[in-house]
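The sequence and the structure are shown first, and the description follows.

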Amino acid sequence: MRPLAVRRTTSGAVIVAGALAFAALFLGEGTTLGRLVWIGGAALLLAAIVSSLVLLGVIAVPRLDRAGSLFLVALFGLAVWSGLTTIWSISPEDSWQYTNRTLAYAAFALVGAVVAAQLRSPGEWFARGAALLLAALYGWALLSKCIPSLYTDYGR
C-alpha cells in the first residue's frame with residue numbers, strides 16, 4: 001500500500017488536472033488567446049510542480065513505453081522548434097503564439113503521463129474522465145443549439 005502523502009498528492013494532481021481539462025474544454029474560448037494565457041500558464045505551473053515532485057522522489061517516475069516517450073520528446077521538440085522560428089519568421093508574434101500553445105499542449109501531456117503513472121489502472125480512469133468531459137461538452141453543445149441564448153456568439 002502506498003503512503004498516505006503519496007495518495008493525497010496523486011489525488012490532488014488528478015483533481016487539478018481534471019479541472020484544467022474542464023477549463024480547456026469549456027472556458028478556452030476556442031482559438032482565441034485570452035484564456036490560453038491563464039489555462040496554459042496553469043498547466044505549465046502544474047507540470048513544473050509535478051516534475052519537481054518527481055525529482056524530489058515524492059511521486060514515482062512515470063514508466064513510459066517507447067511510443068509515449070517519443071510523443072513527449074516530439075511535442076517538446078515542436079515547442080522548441082516553434083520558438084526558434086521566431087528568429088526568421090515574417091510574423092514572429094504568430095510564431096510566438098504557436099510556441100505558447102504548443103508549450104501548453106506539452107504541459108498537459110506531461111501532467112497526464114505523470115498522473116497516469118501514479119494510478120493503479122490509468123486507462124480506466126482516463127477513459128472514464130474523458131468520457132465524462134466529452135459527454136458534458138457534447139451536452140452543452142447540443143443544449144446551446146436548442147437554446148441559442150445560452151451561446152453568446154451564436155449569430156456568427
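A residue is called exposed when its relative accessible area is over 50%, buried when that area is under 20%, and partly exposed in between. These cut-offs are applied below to a predicted model.

**Overall architecture**

The protein chain contains 5 helices and 0 strands. Along the sequence, its elements follow the pattern α-α-α-α-α. The chain has 156 residues, of which 25% count as buried.

**Helix packing**

Two packed helices are described by the angle between their axes and by the distance between those axes.

| Helix pair | Angle between axes | Axis distance | Crossing |
|---|---|---|---|
| α3 and α4 | about 160° | 8 Å | left-handed |
| α2 and α4 | roughly 40° | within 8 Å | left-handed |

Helix α3 spans residues 66-84 and α4 spans residues 92-118, while α2 covers residues 34-56. Angles over 145 degrees count as roughly antiparallel; with an angle of about 160°, α3 and α4 are therefore roughly antiparallel to each other.

W88 lies in the loop that links α3 to α4. Is W88 buried or exposed? Its relative accessible area is 52%, so W88 is exposed. W88 also belongs to a nonpolar surface patch, together with L78, V80, W81, L84 and I87. The accessible area of the patch residues together is about 680 Å².

L25 is located in helix α1, which comprises residues 4-26. With a relative accessible area of 36%, L25 is classed as partly exposed, because that value lies between the limits for buried and exposed. How far apart are L25 and L137 in sequence and in space? They are separated by 112 residues in sequence, and their C-alpha atoms are 7.2 Å apart.

Conventions:
Residues are numbered from 1 along each chain as its sequence is written. This is a predicted model: local features need pLDDT of at least 70, side-chain atom pairs count only at pLDDT 80 or more; totals for chains, interfaces and linings use all residues. Side-chain values use heavy atoms; hydrogens and water are left out. Patches are made of residues with over 30% relative accessible area and no salt bridge: like charges are joined within 9 Å, nonpolar side chains (Val, Leu, Ile, Met, Phe, Trp, Tyr) within 5 Å. Accessible areas come from the Shrake-Rupley method with a 1.4 Å probe; for residues, only the protein chains shown count as cover. A salt bridge is a side-chain nitrogen of Lys or Arg within 4 Å of a carboxyl oxygen of Asp or Glu. Helices (H or I, at least four residues) and strands (E, at least two) are DSSP runs, numbered from the N terminus. Buried means under 20% relative accessible area, exposed over 50%, partly exposed in between (1.4 Å probe, protein chains only). Axes are lines fitted to C-alpha atoms, for helices over the stretch in contact, and angles run from 0 to 180 degrees between N-to-C directions. Angles under 35 degrees count as roughly parallel, over 145 as roughly antiparallel, 65 to 115 as roughly perpendicular and the rest as oblique. A crossing is left-handed if the near helix is turned anticlockwise from the far one by less than a right angle, and right-handed if clockwise.
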